[in-house]
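The following note concerns the model shown below.

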Amino acid sequence: MMQDYQQELVAIKDLLKRNPEGMSVTDISKALKKNKNTIGRYLDILLISGQVEMRTYGMAKVYTISQRVPLSAMLSYSKELIMVLDDDLRIIDINENFLQLLHLPRKETLGKNISFLQSPEVDVHELLESITVSGGEKETTVTFPIKGKGERIFHQKCVPSVFEDGRKGITVVLEDVTEHILAEKEIRDSEERFRMMADNIQDGLIILENGKIIYANKRIAEITGYSIKELWAMKPISIIAPEYREKAEEHARILEAFPDKPHGLQNCIVRKDGERRFVYSRVSGVRHHDRFYNFVVFTDMTELRAQEARISESEQRFRMMADNIQDGLFIVENDKVVFSNRRIKEITGYSFEEIAKKGLHGTLLTDDIQAIADSGIVPVTDKCRIEEIFKTVRPDSPDPGEFKIWIRRKDDTRRYLHGKITAAKNGDLTSYYITIADITDFAEREKALRERIDALQDLLH
């Protein structure tokens with residue numbers, strides 16, 4: 001009886017092969033001189049087993065032979081790992097890729113129930129659990145720990161199958177997705193690192209795609225006062241103060257015309273609460289296919305500008321004080337004159353620019369004929385120079401270096417000066433402060449007095 005059953009199935013397949021355009025049940029029953037109901041049952045078997053295909057044309061059903069790839073060919077040429085099981089989960093067939101993963105020869109796998117499958121290199125516990133789950137077609141991800149090689153990750157598909165003899169089974173298909181999963185994980189990790197970095201920097205960051213905000217970090221919300229959700233719904237230009245918008249729009253046009261060139265711009269924004277903040281924005285752009293991306297980094301300069309204003313005000317007060325004292329003042333750092341007040345110009349005849357160029361020693365040039373230095377530190381010799389005084393001055397010492405010296409002004413007149421040198425150290429920088437008093441008139445009177453005393457002593461002798 002079984003032999004007749006198989007012969008009938010072969011006869012139907014041969015008939016369909018000779019009629020590739022297809023045949024109905026009536027056509028097949030007439031050709032084989034068989035009952036239509038019997039032919040219909042045979043066709044159901046062939047249809048379930050995948051050996052024939054059926055197409056419907058109105059009320060008519062037309063059957064054709066299936067164009068199938070032999071299972072052996074599929075197993076041999078497929079890149080996937082394939083294992084075919086019967087309804088008792090015995091291995092009917094398995095391809096070489098699967099055998100290489102298991103490190104098992106074919107003879108130790110065929111006919112064996114998968115629950116008794118023992119691999120010397122691979123833990124197949126997760127695979128066995130996933131296959132024993134009954135039901136229809138099933139897809140999942142399984143992980144194989146491989147001895148000495150870490151883990152491999154597979155996308156698994158269990159497909160209910162019907163064999164030519166009508167028996168049911170399962171075809172297990174594994175696709176190695178380890179590199180894909182690891183690449184996705186690396187991308188997620190990279191995105192997470194970017195978010196951690198972007199959310200913890202002191203600068204605000206906005207990323208725009210075709211002019212629309214697609215990312216803004218927490219700092220930009222702190223600077224602008226708007227939530228991330230509110231920023232996404234806004235145009236970036238709307239947070240810029242009205243009087244700065246024209247310049248910002250021009251800046252944006254230049255950036256779009258030259259996307260590869262980064263630009264910087266100082267402007268003012270208006271926070272949600274109405275407070276104005278000064279920011280320095282650095283904008284760069286890049287075009288990717290039909291999308292244009294802008295990366296905008298905001299640095300809140302408000303406090304810095306306020307600090308600079310305070311420093312500027314402090315410097316202005318210092319200059320006003322320094323320019324209105326009676327003594328001349330030099331400040332020397334790294335052997336360069338960085339400041340001289342108005343009184344110095346009156347004493348020496350040189351402007352600050354000239355003094356900065358000539359240097360301290362070029363400005364306080366001693367008389368070539370007569371060098372007078374009256375100091376308790378440096379002996380009075382014709383080699384006495386102010387630089388010798390500098391060597392004796394210690395930073396923050398309460399005892400200043402002192403000197404008295406004749407110089408020649410820019411107009412070639414001679415002046416007699418009394419100076420003091422103090423020093424202060426800030427880190428690696430030492431600043432020297434030289435105060436100068438013009439005592440020429442006093443020296444002239446003192447000279448005249450000595451001359452009269454000398455003359456009187458001559459008379460007395």
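1. Lys410 is partly exposed, at a relative accessible area of 47%. Accessible areas come from the Shrake-Rupley method with a 1.4 Å probe, and for residues only the protein chains shown count as cover.

2. The model is predicted: local features need pLDDT of at least 70, side-chain atom pairs count only at pLDDT 80 or more, and totals for chains, interfaces and linings use all residues. Residues are numbered from 1 along each chain as its sequence is written, and side-chain values use heavy atoms, with hydrogens and water left out.

3. A salt bridge is taken as a side-chain nitrogen of Lys or Arg within 4 Å of a carboxyl oxygen of Asp or Glu. By this rule the count is 26 salt bridges. Helices (H or I, at least four residues) and strands (E, at least two) are DSSP runs, numbered from the N terminus.

4. Arg282 and Asp203 form a salt bridge through their side chains (3.3 Å, N to O). Arg282 belongs to strand S11 (residues 276-288) and Asp203 to the loop between helix H7 (178-200) and strand S8 (204-209), so the pair ties together parts 79 residues apart in sequence. Arg282 is partly exposed, with a relative accessible area of 29%.

5. A salt bridge also joins the side chains of Asp300 and Arg277 (2.9 Å, N to O). Because Asp300 lies in strand S12 (residues 291-300) and Arg277 in strand S11, this pair ties together parts that are 23 residues apart in sequence. Both Asp300 and Arg277 are buried.

6. Which residue pairs with Lys410 in a salt bridge? The partner is Glu354, at 2.7 Å, N to O. The pair links distant parts of the chain, 56 residues apart: Lys410 sits in the loop between strand S15 (401-408) and strand S16 (414-426), and Glu354 in helix H13 (residues 352-358). Glu354 is partly exposed, with a relative accessible area of 28%. Elsewhere, salt bridges that share partners join Arg271, Asp273, Glu275, Arg277, Asp300 and Glu303 into one network.

7. Phe318, Met321 and Ile325 make a nonpolar surface patch of about 250 Å². Patches are made of residues with over 30% relative accessible area and no salt bridge; like charges are joined within 9 Å, and nonpolar side chains (Val, Leu, Ile, Met, Phe, Trp, Tyr) within 5 Å. Phe318, in helix H11 (residues 302-323), is partly exposed at 31% relative accessible area.

8. Asn334 is found in the loop between strand S13 (328-333) and strand S14 (336-340), and is exposed, with a relative accessible area of 61%.

9. H10 gives the largest share of the lining of the largest pocket, seven residues.

Methods: Buried means under 20% relative accessible area, exposed over 50%, partly exposed in between (1.4 Å probe, protein chains only).
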